[in-house]
Amino acid sequence: MTASPAPALATTVDLASKRAARDDQLFEASRNGDSQAFRILVERHGQMLQRLAWNILRDEQEAEDVAQEAFVSAWRNRDAWRPEAKFTTWLYRIAVNKAIDRYRQRRPTPQPDDTLTRLADAAVRPEQPTEQEAAAERRDVSNSMRAAMERLPETQRRALTLFYFDDLDVAEIAQAMVTSEQSVRALLKRGRMALRTRLARSRTACADDPRGIRPTAGRTRP
Amino acid sequence: MTLAEFARLLEGRGPDLRGWPDGDARAALDLMAASEAAQDLFAAATAAGLENGGAGPDPAFVEAILARIATDE
């Protein structure tokens, strides 16, 4: 005997039968307006979605929020699911993406690390300022650099962020961005050039400031 | 981080990224953001580590979701 088609399931079987139904049958029934079928899916997979999010977010309340959002998103985008795709694979991907988005939203703005500080050093004047002046100048340059990075094209900004803030090498960035190492090198090169240009403009704008940042002797990255 | 490295780390450390060094955890998130295959590996590792897979979520959690989708109707 073959299984009843999912639309019929929504209207002809009782709750016990629904609880025994497959995910794809239940979701198909949900798409046809059966909210009880969707309830069973939430009960069946709610714990897994919370655990997925919890493994990423390290916070129980946030994990629960993300799991809720994932179910709501699955509901809102129910027409995007195709029965040939495994329902849980589709649902788990929604949850993982939402957890990563949440993680990145709450992640603090990266602070200048040693690498960025060295870059900032490259832009301060070569003569010997006092330590206080040098620190103030580095802060100015770092702030300018962050502002400049925010205006870069997304791919350049991402490559630079992975390189400078996440300490990934070119091969790792290529993997993360699903592109070639050659493309990553080009993105880093263009990004650095754009940053240099913007920092130069920033220095010009600071010319009237008594702490205005002046160009230094050439410094190149290894 | 490659998919193979991610798989190896998941097997060795489990899917709770809290226990991973920060650099590895960030690289894993970047990989998952870009790769559905990495997301599927992560989900499989999470499912394997779930204790008491038959336990359902808090009823309040279920009701909250159903209330939200009801407002969409």
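What share of the 73 residues in chain B is buried?

## Chain B at a glance

Buried residues account for 32% of the 73 residues in chain B. Keep in mind as you look around that this is a predicted model.

Chain B has four helices and zero strands, and its elements read α-α-α-α from the N terminus on. Take the contacts in chain B between residues at least 6 apart in sequence: 63% of them join residues at least 24 apart.

## Where chain B touches chain A

Turning to the contact between the chains, chain B supplies 35 residues and chain A supplies 34 residues. On the side of chain B that touches chain A, the elements giving two or more residues are α2 (22-34), α3 (36-49) and α4 (59-72) of chain B. The largest share of that side, nine residues, is from α2(B).

Sorted by class, the side of chain B that touches chain A holds 21 nonpolar, six polar and eight charged residues.

## A helix pair in chain A

Now have a look at helix α5 (residues 60-76) and helix α6 (residues 87-106) of chain A, whose axes come within 9 Å and cross at roughly 130°. That angle is why α5(A) counts as oblique to α6(A). The crossing of α5(A) past α6(A) is right-handed.

From α5(A), the residues in this contact are Glu62(A), Val66(A), Ala67(A), Glu69(A), Ala70(A), Ser73(A) and Ala74(A). They meet Leu91(A), Ile94(A), Ala95(A), Lys98(A), Ala99(A) and Arg102(A) in α6(A). By class, the contact of α5(A) with α6(A) has eight nonpolar residues, one polar and four charged.

Conventions: Residues numbered from 1 in each chain as written. Chains lettered and ligands numbered in written order. Predicted model: local features only at pLDDT ≥ 70, side-chain atom pairs only at ≥ 80, totals over all residues. Buried ≥ 20, exposed ≤ 12 C-beta atoms within 10 Å, placed from the backbone. Contact = placed C-beta atoms within 7 Å. Nonpolar A, V, L, I, M, F, W, Y, C, P; charged D, E, K, R; others polar. Axes fitted to C-alpha atoms, helices over the stretch in contact; angles between N-to-C directions. Parallel < 35°, antiparallel > 145°, perpendicular 65-115°, else oblique. Left-handed = near helix turned anticlockwise from the far one by under 90°.
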